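Please keep the model open while reading.

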2 protein chains.
Amino acid sequence: MTSTPVSDTYRLIEAVFQPASIVVAGASANPDTPGYDYVRSLLEFGYKGGIYPINPKGGEVLGLPVYRSLAEVPGTVDYVISCIPSAAVLDLVSACRGRGVKALQLFTGRFSETGRPEAIDLEQRLLAAARDAGIRLIGPNCMGLLYPAEGISFRTDMPKRPGPIGFLSQSGNLLFELTHFAESRGLRFSKAISYGNALDLNESDFLQYFAEDSETHVVGAYVEGLRDGRRFLVALRLAASRKPVVVLKGGRTAAGGRTAASHTAALAGESAVWDAAVRQAGALPVSTVEDLIDMLIAFAYMRPGSGRRLAMVGAGGGRSVLTADLCEELGLAVPPLPDDVEQNIAESAPDLAGWLTNPVDQSILAGSGIGGARVLEWLDESSGIDLLVANVGEPWAFGRPDPERIIARVTDRFIAIAARTKKPFAVVLAPSDYPDEQRWRLVSEARERLVEAGVALFPSVERAVRSLARFSTYWAGRSSA
Amino acid sequence: MTSTPVSDTYRLIEAVFQPASIVVAGASANPDTPGYDYVRSLLEFGYKGGIYPINPKGGEVLGLPVYRSLAEVPGTVDYVISCIPSAAVLDLVSACRGRGVKALQLFTGRFSETGRPEAIDLEQRLLAAARDAGIRLIGPNCMGLLYPAEGISFRTDMPKRPGPIGFLSQSGNLLFELTHFAESRGLRFSKAISYGNALDLNESDFLQYFAEDSETHVVGAYVEGLRDGRRFLVALRLAASRKPVVVLKGGRTAAGGRTAASHTAALAGESAVWDAAVRQAGALPVSTVEDLIDMLIAFAYMRPGSGRRLAMVGAGGGRSVLTADLCEELGLAVPPLPDDVEQNIAESAPDLAGWLTNPVDQSILAGSGIGGARVLEWLDESSGIDLLVANVGEPWAFGRPDPERIIARVTDRFIAIAARTKKPFAVVLAPSDYPDEQRWRLVSEARERLVEAGVALFPSVERAVRSLARFSTYWAGRSSA
């Protein structure tokens with residue numbers, strides 16, 4: 001991709017995302033303020049450029065001198081983060097003039113999202129002033145940029161390790177939630193941008209950027225409204241032609257649209273039309289945060305594949321039956337064990353021949369001399385199966401004398417299969433839901449090992465199976481496109 | 001209910017479930033065997049009756065003397081658990097003759113579920129022998145009884161505290177899974193029975209029992225096949241007329257049915273017909289373990305209510321928008337804040353009047369002087385809202401300086417509202433998904449406090465909202481029935 005000519009938008013955003021210095025206007029030594037959080041996040045993420053806190057009161061924040069105004073800041077200023085009240089932002093834009101500021105990111109809110117005429121008017125004056133000063137805006141009413149490789153973050157507890165996922169989000173809170181619920185599954189970002197009211201730089205700019213960004217291999221988006229629908233679809237088509245793109249739309253319904261207006265002043269649209277347009281552009285629409293996370297994990301960590309014959313190991317009887325039902329209801333096939341696998345079983349465990357079926361009931365294997373992982377290896381080698389699910393099955397393991405050993409061994413085997421399989425492969429292990437520290441640690445460590453090995457990890461069999469169904473449909477659509 | 005005349009089935013099962021002594025045939029000192037697990041479980045759960053391990057080798061299990069045969073066991077024997085190979089069960093039935101044995105529960109499997117003619121034949125001979133000896137059978141191929149109040153369990157890590165839920169399960173493994181994934185949410189049993197192949201006592205007997213059992217206030221069922229469909233529906237109608245009943249059916253599809261046959265030899269049926277019949281009987285059909293757990297928790301801990309106007313507090317902007325969308329897609333209304341709530345806001349936080357909407361965006365409240373819990377109290381008092389969802393919002397709290405204090409305070413407020421509300425009320429707090437022990441402990445303790453206070457706890461906003469939609473539909477159907 002480095003040889004592909006890049007667009008002006010890409011060049012612009014790339015420059016904005018790599019500032020040589022950052023000003024935090026409204027910086028504060030009070031730990032319960034955003035002006036403290038931004039400074040602390042830059043320090044903790046190891047941002048190498050200049051960090052310049054500004055506050056008329058002066059003083060110190062986390063060992064850094066606080067400048068009383070932008071005028072006092074030495075040298076160039078590339079990027080300004082605003083945590084000051086909305087009434088003061090026009091003065092801030094004036095102060096930025098002639099200082100070489102490329103972008104102003106406004107955490108500052110209380111603009112058009114309040115629905116109030118004077119706030120809407122102020123927002124328009126802000127836009128005019130910024131244009132006049134040659135400064136691009138991110139926001140207002142947004143968290144701004146997360147770029148772990150450059151040491152830029154808006155919160156200290158975002159993922160510090162970079163990853164393959166580029167994310168654009170109209171909601172900053174949604175970015176915390178993604179991290180909160182999925183960092184331990186390996187949801188890590190090349191860059192993520194929260195852009196709020198999208199007054200100047202908007203969803204189309206950021207999407208175009210991620211389409212062209214070589215550090216981004218999967219794109220996720222949360223959008224509530226579109227500034228320019230046609231441009232967005234052009235950027236979406238470009239992005240989807242190069243990498244998987246998953247789009248979550250907020251404000252699909254009347255109630256959601258009303259809420260979106262008060263959140264980011266977005267005008268929401270029709271759900272069915274939206275879904276069709278996203279699919280037509282070659283991207284994948286989803287409608288919940290859980291589905292968004294699952295599909296980002298799937299695209300980031302699973303081998304592509306469009307076949308629909310699924311096999312599962314590692315579940316008990318009831319779970320196996322219910323999984324077969326769910327697969328069939330989702331249009332996946334759960335064929336009986338292929339002949340070559342049957343033959344392996346007949347040789348290794350004749351007692352199970354003709355009885356064991358798919359999904360492979362773990363309780364039937366007990367005492368047979370072959371385990372679920374062995375059967376999974378055979379299923380991986382068989383041409384009769386396209387999709388693999390492996391359930392660690394910790395509820396069963398915890399009832400045995402040495403669950404540590406069982407879970408560690410099963411995890412190792414699954415990691416080995418994941419490393420060599422050419423098929424989409426999902427492993428199921430949920431965070432422990434017991435008030436028992438030892439169990440929590442055991443599960444937590446096993447999950448960490450799976451994720452570090454690059455395995456696609458899901459918190460339930462249901463979610464793994466639903467994701468595989470969407471995943472194979474997506475790739476089938478791509479191969480016929 | 002104590003004054004209602006009870007059925008013969010109720011009396012029979014009640015006698016079986018309250019044995020004065022229990023024999024474990026095939027007991028073993030090897031911790032990796034079921035014959036050890038059963039003895040250990042009875043000891044750890046504090047079973048007060050006689051526990052008699054049997055094994056031809058004699059010796060000791062966990063300090064108890066092992067008898068070499070049933071003939072050596074002193075006194076009466078009410079209940080026998082079989083962990084011996086299937087080839088030996090006919091001899092065991094013979095040995096039980098004349099010893100007053102009311103029921104024989106067979107963990108022993110490898111009967112009709114293998115699909116093999118000789119095993120099917122053996123199962124039939126077992127049934128005939130048991131009938132001839134006047135002994136009722138539970139199973140074969142099952143885990144048997146969990147009755148915490150009597151100290152009876154088949155595994156040491158099942159919930160020791162009794163609760164309001166009676167559960168019948170064709171799969172024993174499914175009972176572990178329910179416990180594993182939901183004990184920390186308060187999923188506790190009056191009694192639960194895993195009945196496997198249902199050769200003699202079957203789903204209809206146990207359902208009839210739970211319908212009449214005064215210790216059971218909510219009934220859950222996992223069934224793969226029915227021995228007698230007509231009788232099951234009669235029992236279901238009776239149970240549903242007295243208490244909420246949630247039914248999960250395995251083997252709804254061809255693939256699921258094939259798997260069910262190899263699991264418990266069950267013959268599965270048509271999905272749509274099944275759902276309609278369950279609904280017509282006044283019970284609630286579900287199709288995943290997650291839905292089953294959520295609805296049991298909902299019925300066990302929420303006040304009944306059939307209204308469909310939902311309000312939520314405690315989420316950020318993106319989450320609020322998405323929740324409004326999901327509600328509307330599920331047929332729930334998410335009205336703007338009712339006039340009385342608007343008026344309270346205008347008085348307490350004039351700056352937010354006309355901007356704040358429902359769901360209540362937590363980030364808009366920041367710095368306003370009123371918190372989400374205060375707004376929830378107003379929503380609880382308002383006649384314009386029927387259903388309440390409170391999100392603890394720990395992703396946000398973890399970004400603040402003192403998350404312990406925030407989470408504890410929010411939890412306290414939600415507990416207080418739960419104690420006095422007359423509306424269905426769901427609180428959202430998932431198990432921590434960070435590899436960080438302090439966060440895990442903090443979340444774990446908050447969840448424990450919510451559950452101990454009798455609050456209906458859900459692991460995601462999506463699941464809370466889906467459950468409330470099903471819940472209000474269920475109660476609307478009951479009130480019109």
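Does A:Ala198 count as buried or exposed, and with how many C-beta neighbours inside 10 Å? A:Ala198 counts as buried because it has 28 C-beta neighbours inside 10 Å; a residue is buried if 20 or more other C-beta atoms lie within 10 Å of its own, exposed if 12 or fewer, and partly exposed in between, with C-beta atoms placed from the backbone. This is a predicted model, in which local features need pLDDT of at least 70, side-chain atom pairs count only at pLDDT 80 or more, and totals for chains, interfaces and linings use all residues. Residues are numbered from 1 along each chain as its sequence is written, while chains are lettered from A and ligands numbered from 1 in the order in which they are written.

**Chain pairing**

- In chain A, 70 residues are in contact with 70 residues of chain B (contact: C-beta atoms, placed from the backbone, within 7 Å).
- Helix 11 of chain A gives the largest share of the side that touches chain B, 12 residues (helices, H or I of at least four residues, and strands, E of at least two, are DSSP runs numbered from the N terminus).
- The copies meet through the same surface, because 100% of the interface residues of chain A are also interface residues in chain B.

**Domains**

- Chain A is divided into domain 1 (8–138), domain 2 (144–301) and domain 3 (310–480), with bounds from an automatic or database domain assignment.
- The C-alpha centres of domain 2 and domain 3 of chain A lie 31 Å apart.
- Their contact takes 11 residues from domain 2 of chain A and 13 residues from domain 3 of chain A.
- Helix 10 (residues 289–301) of chain A brings 6 residues, the largest share of the domain 2 side.

- Leaving aside neighbours within four places in sequence, A:Leu296 is in contact with A:Ile165, A:Leu187, A:Val218, A:Gly220 and A:Val246.

**Backbone**

- Most residues other than glycine have a negative phi, and most peptide bonds are trans.
- A:Ala198 has a positive phi, near 55°, and lies in the loop between strand 10 (189–194) and helix 6 (203–212) of chain A.
- The peptide bond from B:Gly139 to B:Pro140 is cis, with omega near 0°.

Terms used. Contact = placed C-beta atoms within 7 Å.
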